[in-house]
Amino acid sequence: MDAHGPLSDEGLVRLLTHTGERVSHPEYDAYAADLDATALRRMWHDMTVVRGFDHEATSLQRQGELGLWVPSLGQEAAQIGSGHALRDSDYVFPSYREHGVAFTRGVDLPEILRIFRGLQHGAWDPSAHGFHLYTLVIGAHSLHATGYAMAMDRDGLVGTGQDTDGAVVCYFGDGATSQGDVSEAMVFAAVHHAPVVFFVQNNQFAISEPATRQSRVPLAQRGAGFGIPSVRVDGNDALACYAVTQWALRQARSGAGPVLIEAFTYRMGAHTTSDDPTKYRTKADEAYWAERDPIARLEAYLRSIGELPDDAVDAAAAEVKDLGRRTREAVKGWEAPPVGTMFEHVYAEPHATVAAERAWFERYERSFADQEAHA
Amino acid sequence: MTTMTLAGAINRGLRAAMDRDPKVLLMGEDIGQLGGVFRVTDGLWKDFGGDRVMDTPLAESGIVGTAIGMAMRGYRSVIEIQFDGFIFPAYDQITTQLAKMHYRSQGLLTLPIVIRVPFAGGIGAVEHHSESPEALFAHTAGLRIVSPATPQDAYDMIQQAIASPDPVLFLEPKARYWDKGEVDVSRVADQLEGEHAEAAATAEMGRGRVAREGRDVTLVAYGPTVRLALQAAELAAAEGTDIEVVDLRSISPLDSDTVVRSAKRTGRVVVVHEAPTAFGSGAELSARVTEQAFFHLHAPVLRVGGFHAPYPGSKLEHDYLPNLDRVLDAVDRVMTH
């Protein structure tokens, strides 16, 4: 197992083999039944666009335009597959690598880069997209997700059988499962029957630490101790990710309580652009997973059923190119925000210390302008 | 006017806030049927039910973190942390999430959460049950930190804290829970039912008050040390020293204007709190007075407080805590400098 990931891949729900052959699954076929060729092509399209954007962001970091980038390369099936199972009444709490999910929630991808260019810490309106801000403290948002789900239940948005029923999906990684907050989130979610789906993208590494540093059992097994039903899915199989998320969301929206999904995937890129994965993993490891590329897999399947015409491929390529250009132009056009903004929204109501320090700083800044005027 | 204990005033204040706004919830350990280990929530579970007076799992980070998520859907949670020393499992949620969400979202998200903490010592308790951690939180922008010293302030300020759109740490001087006082319940009700209630309540909660006027020394206190400061002032008066006592009420923001105004008249300042003096709120206040009233001072600003040692076993706590002798010693020193 050392060559291709530290934890067993046994028991994964899979609807596409890694070469793109459709295999049936007695339980989960039903949850992918609504995926016609158009829907599958849309998934492939979204995965392709997000990967193109991810490459562009990595390039921009290398060119010095971004301070840091967190690549999502390799996790497109887990993110787009699950993201396509969401509806407007659902709410998402991402970690910080969920650019694919952000795309499915209507966030304009270049906007994410405002964070990584250092303009601001949050870059979209969470409630407008049903997509909370990125949380950088590992696992801290699992509690926010649970609380939000508890509140949805109180607000009558669960278990009515109407389309207004919703659930929360909380994304985090294999490393986060060791955090106390994640355990506490599962305790609160379980005892309150909160409509929350914990979606673990087990991408095999927490920066350099393999998942065996976090657990001696598959991460999905963590659910049992909390009384939370769980499932392991092939995280590089977009169909399977869609199907298990559909199942989980139906459970949660119905009022049956929380669900845990472990999506077994692989972070094909570095943890961030500051990381060097050659220090802790092998070429053989990377080659094994390159053969399991999530986009190539779905592409092979679509071609095998004659549903990926060349013009769709060409159109997606053109869209990626266009998005890349738009991203570059946007990023390079962003100026640093006015200095005074660092004092804004510290509190919702005025606070004497902030007001006094801001006033001092403005006087200080003006003193230079006065000197220049006199020079 | 009604006579209430400080704990009873908080209880009545919570009830009034829950009556006023159905989105107000109480969360904490043992706050339901039991009414909290200090009985501050006594009777509320019976009248409002378990959905609004929630006995939570025993996990402080979990309580604060889930309250944050609930606040994103408009709920106003009032959390009880059972004892000061048990707030630390929630330290990360409070300082990296609760304090910063409004800033991170550029004002799109507000988290009107109140964290009630029975704090400070003097009750003969075991380890972790007598601490004063205010400075650890005051260093974090985004939090408001207040501490009432009287039943009237307890009644008013708990409701103002709940009405404020910002997160508030509400530090309750547990040794003073059973002090009685007269409470006017109508004034805060008028404020909170009037126009711009959130702004008015937040602003008032952040201001200190002159608890006793005097000419010679400004003695600054908050929460559990206000009574001590007033007692010291009485004793000093008998010896001819006229002490002005300022009850800060709020640590963040710190109403240094009220203290500086007083210092400019008296020229002498002593700050007394139970928390360790090193890097404490007294140190901050001392710096501000020095910066803003330097040429009015007749003596250095002195601090009286806990030591840079863990809170000791209860047989030694009255030597650790500031007492009348140590406060009066500091008063003598600024008078004779």
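Student: At roughly what angle do the axes of helix H4 and helix H12 of chain A cross?

Tutor: Keep in mind that this is a predicted model. Helix H4 covers residues 109-116 of chain A and helix H12 covers residues 310-333 of chain A, and their axes come within 10 Å. H4(A) passes H12(A) in a right-handed crossing, and the angle at which the axes cross is roughly 35°.

Student: Which residues of H12(A) are met by residues of H4(A), and how do the residues of this contact divide by type?

Tutor: On the side of H4(A), the residues taking part are A:Leu109, A:Pro110 and A:Leu113. The residues they meet in H12(A) are A:Leu323, A:Arg326, A:Thr327, A:Ala330 and A:Val331. Sorted by type, the residues of this contact are six nonpolar, one polar and one charged.

Student: Which helix gives the largest share of the side of chain A that touches chain B?

Tutor: Between the two chains, 33 residues of chain A are in contact with 37 residues of chain B. The elements giving two or more residues to this side of chain A are helix H6 (140-154), helix H7 (180-191) and helix H13 (352-374) of chain A. By type, the residues on this side divide into 18 nonpolar, 10 polar and five charged. The largest share, 10 residues, comes from H6(A).

Student: Is B:Arg303 buried or exposed?

Tutor: B:Arg303 lies in strand E14 (residues 302-306) of chain B, and, leaving aside neighbours within four places in sequence, B:Arg303 is in contact with B:Val271, B:Thr277, B:Gly282, B:Ala283 and B:Ser286. The cut-off to apply is that a residue with 20 or more other C-beta atoms within 10 Å of its own is buried. Because B:Arg303 has 22 other C-beta atoms within 10 Å, B:Arg303 is buried.

Student: Why do the buried residues of helix H10 of chain B line one face of the helix?

Tutor: The buried residues in H10(B) are B:Thr225, B:Val226, B:Leu228, B:Ala229, B:Ala232, B:Ala233 and B:Ala236. Seen down the axis of H10(B), these buried residues line one face because they fall within an arc of 155°.

Student: Which exposed residues are carried by the face of H10(B) turned away from its buried side?

Tutor: What covers the buried residues of H10(B) includes strand E9 (209-212), strand E10 (217-221), strand E11 (243-247), strand E13 (269-276) and helix H14 (324-336) of chain B. On the face turned away from that buried side, the exposed residues are B:Glu234 and B:Ala238.

Student: What is omega for the peptide bond that joins B:Ser252 and B:Pro253?

Tutor: Most peptide bonds are trans. B:Pro253 is found in the loop between strand E12 (250-252) and helix H11 (256-266) of chain B. The bond joining B:Ser252 and B:Pro253 is a cis peptide bond, and its omega is about 0°.

Student: What value is phi of B:Phe279 near?

Tutor: Most residues other than glycine have a negative phi. B:Phe279 lies in the loop between E13 and helix H12 (281-293) of chain B, and B:Phe279 counts as partly exposed because there are 13 C-beta neighbours inside 10 Å. Phi of B:Phe279 is positive, although the residue is other than glycine, and is near 60°.

Notes
Residues numbered from 1 in each chain as written. Chains lettered and ligands numbered in written order. Predicted model: local features only at pLDDT ≥ 70, side-chain atom pairs only at ≥ 80, totals over all residues. Axes fitted to C-alpha atoms, helices over the stretch in contact; angles between N-to-C directions. Helix = DSSP H or I, 4+ residues; strand = E, 2+ residues; numbered from the N terminus. Left-handed = near helix turned anticlockwise from the far one by under 90°. Contact = placed C-beta atoms within 7 Å. Nonpolar A, V, L, I, M, F, W, Y, C, P; charged D, E, K, R; others polar. Buried ≥ 20, exposed ≤ 12 C-beta atoms within 10 Å, placed from the backbone. Arc of directions from axis to C-beta.
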